[in-house]
Amino acid sequence: MTSVYEVVDSPLGELLLVGRASATATGGTALVSLSLPGQKGGAVVQEGWRRDPSAFEEIGRQLSSYFAGRLTRFDIEYADAGTPFQRRVWKALKDVPYGRTTTYKEIAEVVGTSAVGVRAVGTAIGRNPLLVVRPCHRVIGTDGALRGYAGGLESKARLLGLEGALAP
């Protein structure tokens, strides 16, 4: 199946969106990846991918609304990816409300792993291919410090600030 992509502007810089056709997705495209500029492990356009702005109109509309402060929860179909453990962690991320934060330890508890599993949770979160829309930026250290974000801590702070989740 051929991947399609588009680059959209955002307050964080140009975002690379990668998707696949889906008969069930609003707008006809399931999102495979959303990468920030300079993201560690972010997607890179591959040979054979096709640029298709129309495939991302709905996703782009939701992103614009989010960055404008009008959207607090995305309604985007994601392409299935990751291990069963990663998918459990990523589902737990989706349940963290807009404007709130949680900790790696709390996510570990939600997915049913021990305190020792916090590192595995951090690794799974670090492999989240859908930054911004699957809100791994809402996960912080137990001490309240911003920790580990593939898009960079500055982007994490900007997203949390946009959502009102950072104390002034």
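**Salt bridges, sheet and core**

Me: Why are R61 and E58 separated by about one helical turn?

Reply: R61 and E58 are three residues apart in helix α1, so about one helical turn lies between them. This is a predicted model, and in it the side chains of R61 and E58 meet in a salt bridge, with 2.6 Å from N to O. R61 is partly exposed, because its relative accessible area is 45%, a value between the 20% and 50% cut-offs.

Me: How many salt bridges does the structure hold?

Reply: The structure holds six salt bridges. One of them joins E6 and R51, whose closest N and O atoms are 2.7 Å apart, and this pair links distant parts of the chain, as E6 is in strand β1 and R51 is in strand β4, 45 residues apart.

Me: What does E163 form a salt bridge with?

Reply: E163 forms a salt bridge with R138, and the closest N and O atoms of the two are 2.8 Å apart. E163 lies in the segment after α5 while R138 is in the loop between α4 and β6 (139-140), so the pair ties together parts that are 25 residues apart in sequence. E163 and R138 are both buried.

Me: Back to the strands. What order do they have in the open sheet?

Reply: The open sheet has four strands in the order β3-β2-β1-β4, and the pairing is mixed. β3 (29-35) and β4 (50-51) each have a single partner strand, so one side of each is left without a neighbour in the sheet. Helix α1 (residues 57-67) packs on this sheet, where it touches β1, β2 (15-21) and β3, and the direction of α1 makes about 145° with that of β2.

Me: Which strands run parallel, and which pair is antiparallel?

Reply: Strand β1 (residues 4-8) and β4 run parallel and are joined by two bridges, with Y5 having R51 in β4 as its bridge partner. β2 and β3, on the other hand, pair in the antiparallel sense over six bridges, and within β3 it is A30 that stands opposite R20.

Me: How many residues of β3 are buried?

Reply: Six of the seven residues of β3 are buried, so the strand is mostly covered.

Me: Which residues have the most contacts inside the largest nonpolar core?

Reply: Within this core of 39 residues, L31, L34, L63, V132 and V133 have the most contacts. The elements that give two or more residues to the core are β1, β2, β3, α1, α2 (84-94), α3 (104-110) and α4 (118-126).

Me: What does V132 touch?

Reply: Leaving aside residues up to four places away in sequence, V132 touches L12, L34, L36, L63, Y66, F67, F74, H137, Y149 and L159.

Me: One more. Where is K156, and which side chain of opposite charge is nearest?

Reply: K156 is in helix α5 (residues 153-162). K156 is buried yet has no salt bridge, and the nearest side chain of opposite charge is D143, 10.0 Å away.

How values were computed:
Residues numbered from 1 in each chain as written. Predicted model: local features only at pLDDT ≥ 70, side-chain atom pairs only at ≥ 80, totals over all residues. Heavy atoms only, no water. Pairing = 2+ DSSP bridges. Contact = heavy atoms within 4.5 Å. Axes fitted to C-alpha atoms, helices over the stretch in contact; angles between N-to-C directions. Buried < 20%, exposed > 50% of the residue type's maximum accessible area, 1.4 Å probe, protein only. Lys, Arg positive; Asp, Glu negative; His and termini not counted. Salt bridge = Lys/Arg side-chain N within 4 Å of Asp/Glu carboxyl O. Core = buried A, V, L, I, M, F, W, Y, C linked by side-chain atoms within 4.5 Å.
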